[in-house]
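Subject: Structure handover

Hello,

Here is the structure for you to look over. My notes follow below it.

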Amino acid sequence: MNGATAIDVRPRFNGGEPGIEFIKWVYQNIKYPEEAWRERVSGKAVVKFTVNTDGCLSDFIILQSPHESISREVIRILSQSPAWTPGYINGEPVRVSLTLPISFRFSDSTTSPLP
């Protein structure tokens, strides 16, 4: 056992499934960084972040990224996230760390930067 405490209620975004609704929101709002698009950079960024007891996100750590401009865009969009419903243990709100992969795909048929 790693000493971690089990979460009774996981954090939720907009009342939906913890991952699905948030991923939809991210892809609707994120922009493919122009610098990465010009350099034809594709790949996956992985970010770790915390859902705080007030539902705000913080403590963004890029675990993997194909380009610095992609890292900056991931942090930019996550820092603009609407508040979540926090996680709970024994009826008390708690900080919960989550990890999210975000894919950036470059396509020669694309005429402008898109995620």
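First, a definition: a salt bridge here is a side-chain nitrogen of Lys or Arg within 4 Å of a carboxyl oxygen of Asp or Glu. By that rule the structure holds five salt bridges. I come back to three of them below.

Ground rules. This is a predicted model, where local features need pLDDT of at least 70, side-chain atom pairs count only at pLDDT 80 or more, and totals for chains, interfaces and linings use all residues. Residues are numbered from 1 along each chain as its sequence is written, and side-chain values use heavy atoms, with hydrogens and water left out.

Overall layout

The protein chain has three helices and five strands. Both are DSSP runs numbered from the N terminus: helices are H or I with at least four residues, strands are E with at least two. From the N terminus the order is α-α-β-β-α-β-β-β. The chain has 115 residues, and 35% of them count as buried. Buried means under 20% relative accessible area, exposed means over 50%, and partly exposed lies in between (1.4 Å probe, protein chains only).

Contact means heavy atoms within 4.5 Å. Of the contacts with a separation of 6 or more, 74% join residues 24 or more positions apart.

Three strands form an open sheet in the order 2-1-5, with antiparallel pairing. Strand 2 and strand 5 are the edges, each pairing on one side only. Neighbouring strands are turned by 25° against each other on average, direction ignored. Axes are lines fitted to C-alpha atoms, for helices over the stretch in contact; angles run from 0 to 180 degrees between N-to-C directions. Two strands pair if DSSP finds at least two bridges between them.

Strand 1 and strand 5 share nine bridges. Thr50 stands opposite Ser97 in strand 5. Strand 1 and strand 2 (residues 57-64) are joined by five bridges. There, Val46 faces Gln64 in strand 2. These two strands make a hairpin with five residues between them, and Gly55 in the turn has a positive phi of about 90°.

Helix 1 lies across strand 1, strand 2 and strand 5, at about 45° to strand 5. Helix 3 packs on the sheet and touches strand 1, strand 2 and strand 5; its direction makes about 155° with that of strand 2.

The core

A nonpolar core is a set of buried Ala, Val, Leu, Ile, Met, Phe, Trp, Tyr and Cys residues joined through side-chain atoms within 4.5 Å. The largest one has 25 residues; Phe22, Phe49, Val74, Leu78, Trp84, Ile102 and Phe104 touch the most other members. Helix 1 (20-29), strand 1 (43-51), helix 3 (68-79) and strand 5 each supply at least two residues. Strand 5 gives the largest share, five residues.

Phe104 has contacts that include Ile30, Tyr32, Pro33, Ala45, Ile70 and Val74. Now Leu100, in strand 5 (residues 96-104). Is Leu100 buried or exposed? Leu100 is buried, at 8% relative accessible area. Beyond four places in sequence, Leu100 touches Phe22, Ile23, Val26, Ala45, Val46, Val47 and Phe49. Leu100 and Val47 are 53 residues apart in sequence, yet 5.4 Å apart C-alpha to C-alpha.

Side chains of opposite charge can pair when their charged atoms come close.

- Lys24 and Glu21: the closest N and O atoms are 3.6 Å apart. The two are three residues apart in helix 1, so about one helical turn separates them. Lys24 is partly exposed at 45%, as is Glu21 at 30%.
- Arg38 and Glu34: 3.4 Å, N to O. Both lie in helix 2 (residues 34-38), four residues apart, about one turn.
- Arg95 and Asp59: 2.6 Å, N to O. This pair links distant parts of the chain, 36 residues apart: Arg95 is in the loop between strand 4 (92-94) and strand 5, and Asp59 is in strand 2. Asp59 is partly exposed, at 39%.

Best regards
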